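Please read them with the coordinates open.

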Amino acid sequence: MTGNQNGIDMAPESRGPKHKKDMTRRKVVVAGVGAVAAVAAGGAVVATASADTTGGTKATPAGSTTASAGEECYRLTSETTEGPYYIDADKIRQDITEDKEGIPFTLRIKVIDSESCAPIGNAAVDIWHCDALGLYSGYESFSEGGGTAPTDAPSGTPSGAPSGVPTGEPPSGGGGGGGHEEPTSDTRYLRGTWKTDKKGFVTFRTVFPGWYRGRCVHVHTKVHVNGEWTEAGYEGGTTCHTGQFFFDEEAVLASAEVEPYSTSTTERTTLDEDTIYDGSGTQGGLLKLKYRKNDIAKGITGTITVGVDPDATNTGTDD
C-alpha cells in the first residue's frame, strides 16, 4: 500500500507504549480501496436502538480531562468469541460488498479508549459477516446454500447436548464455538479491514446481513492497535477487541420482507434468543440504526461507539 490512497494517509502512526506490542506478526493483503457511500437522505426515517451502554441506563462519564465536552465515556464493549470463520487476510478496503445482493448497509464505527474517552486513531478494524442467505465467504461448503441448515458440523461439537437445542455457533456461522476452520474457497466477499481516522472513526459499505440456524443477525469485528501500516498492509500490533454487532428486531423483520432475504427458508433466531448477545444494549454491540420508514430496501445506516482497552489482548480464541 502506498502512503496515501484516496486521500487517506496510510503512513505509520503507532499508538501506545512500544513494550505493549504483541510480537506475533499480523499481516493483511492489500486490495482495492472502495468508496464509502452514505444512505440517501429524504423521506421518513426510523431511528432504532438506544445509545445506552447498559440496556437503558446511561453510562457514567469517567470524568477524564481528555474527554471532549459533553462526550460520555462508554464502558468496555463486550468481548465475544472470534468464531470459526475469521480469515486473517482480509482485504484493505471500505466497500466490502463485491457483487453480493442485499439491502445497502453503511456501518460507521467510532473506537475510543473506554477509560479516557480519547479516540483511537490509526487502529485497524476488521468486519466480516454472512450474506443475505446466511453464507460466509471462504466457507460456502459448510452450508447447503439459500440460508438452509448446514449438513455437517465442525469437529469438537459438544456431546450430550439436548436434541434440537443450539448450544453455540452452528457450522455455517462464525459467532462462537467449534474452533477455527480453514477456508474451503478463495472467496472474500463481505470481509474487509480499514483504519480509523484521527477522531477514531471508520466507515464500511456492505449489505445488511442475513441469518442462519441458531444465530440472530450480526456482524463480526476486531480492533487491532500498535501495529504499522506498510506497503504490504497492516503488520504487527495487538488485537485489543473481538466482538459482534447486533440489530434490533424491528429492522430485521422489515428486511425479511425484501428480496433476497424473503426467499430464505431458514428459521430465524431472534435477538433475545441469541446465545452470544448479552442483552446489554450498546455495550453488548447493539447498533443504532436509521432507515426510511416503510422503505428499508433503500438502505440502512448503523452507528456505534466501541470502547476498548488498547493495552489488552482479546483475540476471541480462548473458547
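The points below take the sheets, then the cores, then single residues.

1. Basis. The model is predicted, so local features are given only at pLDDT of at least 70 and side-chain atom pairs only at pLDDT 80 or more, while totals for chains, interfaces and linings use all residues. Residues are numbered from 1 along each chain as its sequence is written, and side-chain values use heavy atoms, with hydrogens and water left out.

2. An open sheet of 5 strands has the order 3-12-13-4-7 and mixed pairing. Strands here are DSSP runs of E of at least two residues, helices are runs of H or I of at least four residues, and both are numbered from the N terminus. Two strands are taken to pair if DSSP finds at least two bridges between them. Strand 3 (45-48) and strand 7 (201-207) are the edge strands, each pairing on one side only. From one strand to the next the twist averages 15 degrees; axes are lines fitted to C-alpha atoms, for helices over the stretch in contact, and angles run from 0 to 180 degrees between N-to-C directions.

3. Strands 12 and 13. Within that order, strand 12 (residues 288-292) and strand 13 (residues 300-308) run antiparallel and are joined by 4 bridges. Lys288 stands opposite Thr303 in strand 13.

4. Strand 8 (residues 218-225) and strand 11 run antiparallel and share 8 bridges; His218 stands opposite Phe246 in strand 11. Strand 5 and strand 8 pair in the antiparallel sense over 5 bridges, and Val125 stands opposite Val223 in strand 8.

5. Cover of strand 11. Buried means under 20% relative accessible area, exposed over 50%, and partly exposed in between, with a 1.4 Å probe and protein chains only.

6. Nonpolar cores. The largest nonpolar core has 44 residues, and Ile109, Phe208 and Phe247 have the most contacts inside it. Such a core is a set of buried Ala, Val, Leu, Ile, Met, Phe, Trp, Tyr and Cys residues joined through side-chain atoms within 4.5 Å. Among the elements that give two or more residues to this core are strand 4 (104-113), strand 5 (124-128) and helix 1 (249-255). Apart from it lies another core, of 9 residues, among them Tyr85, Tyr86, Trp128 and Phe142.

7. Phe208. Neighbours within four places in sequence aside, Phe208 is in contact with residues including Ile103, Phe105, Phe247, Ala251, Tyr261 and Ile300. Contact means heavy atoms within 4.5 Å.

8. Cysteines. A search of the whole structure finds 0 disulfides, a disulfide being a pair of cysteine sulfur atoms within 2.5 Å. Cys216 is buried at a relative accessible area of 3%, and Cys240 is buried at 1%.

9. Ser78. This residue lies in the loop between strand 3 and strand 4. Ser78 is buried, with a relative accessible area of 14%. Its side chain makes a polar contact of 2.5 Å with the side chain of Asp278. A polar contact is a pair of N or O atoms within 3.5 Å; within protein, one must be able to donate a hydrogen and the other to accept it, and residues adjacent in sequence count only if both atoms are side-chain atoms. Beyond its neighbours within four places in sequence, Ser78 is in contact with residues including His241, Gly243 and Gln283.

10. His180. The loop between strand 5 and strand 6 (191-195) holds His180, which is partly exposed at 41% relative accessible area. His180 and Pro84 are 96 residues apart along the chain, yet their C-alpha atoms are separated by 3.9 Å. The side chain of His180 reaches the backbone oxygen of Pro84 at 3.4 Å.

11. Gly307. This glycine is in strand 13 and counts as buried, at 0% relative accessibility. Leaving aside neighbours within four places in sequence, Gly307 is in contact with Arg75, Leu76, Thr77, Ile112 and Ser114.
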